[in-house]
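Here's a quick briefing to read with the structure open beside you. Have a look at the fold first, then come back for the details.

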Amino acid sequence: MKKVYLDNASTTQIRSEVVSEMIKILSEDFGNPSSTHGYGRSAKVLLETARKSIAKQINATAPEIIFTSCGTEANNWILRSAVKDLGVERIITSKIEHHAVLHTAEVLKQEFGIQVDFVTLKSNGEIDFTDLVELLSQNKRTLVSLMHVNNEIGTILNLEKAVRITHDYNALFHSDTVQSIGKTEINVQELGIDFLVSSAHKFHGPKGVGFAYVKKNAGIQPLFFGGEQEKGLRAGTEAVHQIVGMAKALELAYQHLKEESAYIASLKKYAIECLEIDFPQMKINGEETLYNILNVVLPLPEDKTSMLLFHLDMKGVAVSRGSACQSGSVKPSHVLAEILDSEEVKKPSLRVSFSHYNTKEDVDVLMDALRSI
Ligand code: PLP
């Protein structure tokens with residue numbers, strides 16, 4: 001049976017060049033970058049070269065890149081320190097953020113008594129900028145946290161506009177760019193953004209490593225204590241092989257961005273055409289979405305919702321649904337619950353997310369499996 005992986009918003013296959021680079025480091029360059037002897041100095045060179053390479057891809061300076069264990073950690077760190085150390089009294093965010101932001105904001109509200117406001121969303125998943133301006137007009141030390149690309153429906157925030165409005169009101173801007181780094185060009189200098197976060201396994205790098213961009217002199221303080229690594233901002237011996245793998249993956253992602261994004265966009269277009277033929281009443285969730293994510297409500301009976309992914313899995317197709325299945329019950333995803341009406345949200349939704357490793361044949365296998373439901 002042909003196995004088809006169409007769940008690239010969840011995680012991606014590591015590029016073979018990245019694996020080779022990481023294996024070399026695991027077997028040859030095992031020094032601790034904090035050691036002062038030759039082994040340590042070699043590891044330090046690898047670490048700093050990776051930092052420079054990553055900084056270059058997003059037009060940051062090397063000291064503004066801080067390595068973390070994942071995107072979740074980076075989001076937690078920035079939000080927490082903004083409240084604890086930068087005097088942030090209010091976080092403005094949206095109800096369709098990843099839980100790494102939503103749950104963190106909730107915990108900070110309980111722990112520090114901060115205010116958490118949610119900007120209004122339009123039914124196409126876009127942020128209502130008029131409401132953002134309205135919220136920002138209240139005079140409070142504020143951090144705005146809005147994701148660049150939504151991981152479930154792929155909607156894209158106009159980052160430039162969001163940062164500009166936020167700064168007009170002297171607030172700070174953080175973006176969860178986990179789904180967009182390596183997939184869209186990002187220029188932090190031009191954006192003037194304060195913080196962003198990234199995770200290597202979303203752009204064909206290894207799991208368990210990410211980074212935060214923290215604008216120079218932002219004043220962010222550490223989440224962990226016990227070491228001087230990362231200029232004291234993130235204690236703990238750096239995972240050199242992971243970090244070098246991440247830098248290589250990002251370099252390759254941007255090197256091939258133009259042709260790979262065009263190819264992936266053509267696959268998405270093909271999938272939409274196929275779905276429209278077999279399921280003419282299907283509805284695409286979100287408008288103006290990134291070229292790699294397609295989220296649809298399928299015109300199937302509600303009772304098919306719980307078995308949809310299982311059925312596709314049995315046919316060798318890995319996709320995900322815009323809803324999480326907990327203990328046998330089907331709970332609508334918090335993202336779809338925000339943008340769909342109460343009837344639509346009960347219907348089976350599917351998130352198909354592509355990478356350059358996919359082919360049209362993969363889409364054909366998905367369609368065959370869907371037709372047999
Ligand atoms: N933010 C978004 C938008 C994501 O899609 C994910 C991963 O699913 C995360 C954060 C968490 O990243 P990580 O898996 O590196 O913790």
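Predicted model: local features only at pLDDT ≥ 70, side-chain atom pairs only at ≥ 80, totals over all residues.

**Helix H8 and helix H2**
- The axes of H2 (residues 38-57) and H8 (residues 240-255) come within 9 Å of each other, crossing at roughly 30°.
- That angle is under 35 degrees, so H2 and H8 count as roughly parallel.
- The crossing of H2 past H8 is left-handed.
- On the H2 side, the residues making the contact include Leu46, Leu47, Ala50 and Ile54, and their partners in H8 include Ile243, Ala247, Leu250 and Tyr254.
- Sorted by class, the residues of the H2 and H8 contact come out as twelve nonpolar, two polar and one charged.

**Helix H8 and helix H1**
- H1 (residues 16-28) packs with H8 at an angle of about 155°, and their axes are 9 Å apart.
- An angle over 145 degrees counts as roughly antiparallel, so that's how H1 and H8 run.
- H1 passes H8 in a right-handed crossing.
- The H1 and H8 contact has eight nonpolar, three polar and three charged residues.

**Around the ligand**
- Residues around the ligand include Cys70, Thr72, His98, Met147, Asn151, His201 and Lys202.
- Asp176 has a side-chain N or O atom 2.6 Å from a nitrogen atom of the ligand.
- For Gln179, a side-chain N or O atom sits 2.8 Å from an oxygen atom of the ligand.
- Ser199 places a polar side-chain atom 2.6 Å from an oxygen atom of the ligand.

Methods
Residues numbered from 1 in each chain as written. Heavy atoms only, no water. Axes fitted to C-alpha atoms, helices over the stretch in contact; angles between N-to-C directions. Helix = DSSP H or I, 4+ residues; strand = E, 2+ residues; numbered from the N terminus. Parallel < 35°, antiparallel > 145°, perpendicular 65-115°, else oblique. Left-handed = near helix turned anticlockwise from the far one by under 90°. Contact = heavy atoms within 4.5 Å. Nonpolar A, V, L, I, M, F, W, Y, C, P; charged D, E, K, R; others polar. Near = heavy atom within 4 Å. Polar contact = N/O pair within 3.5 Å; in protein donor to acceptor, adjacent residues only side chain to side chain.
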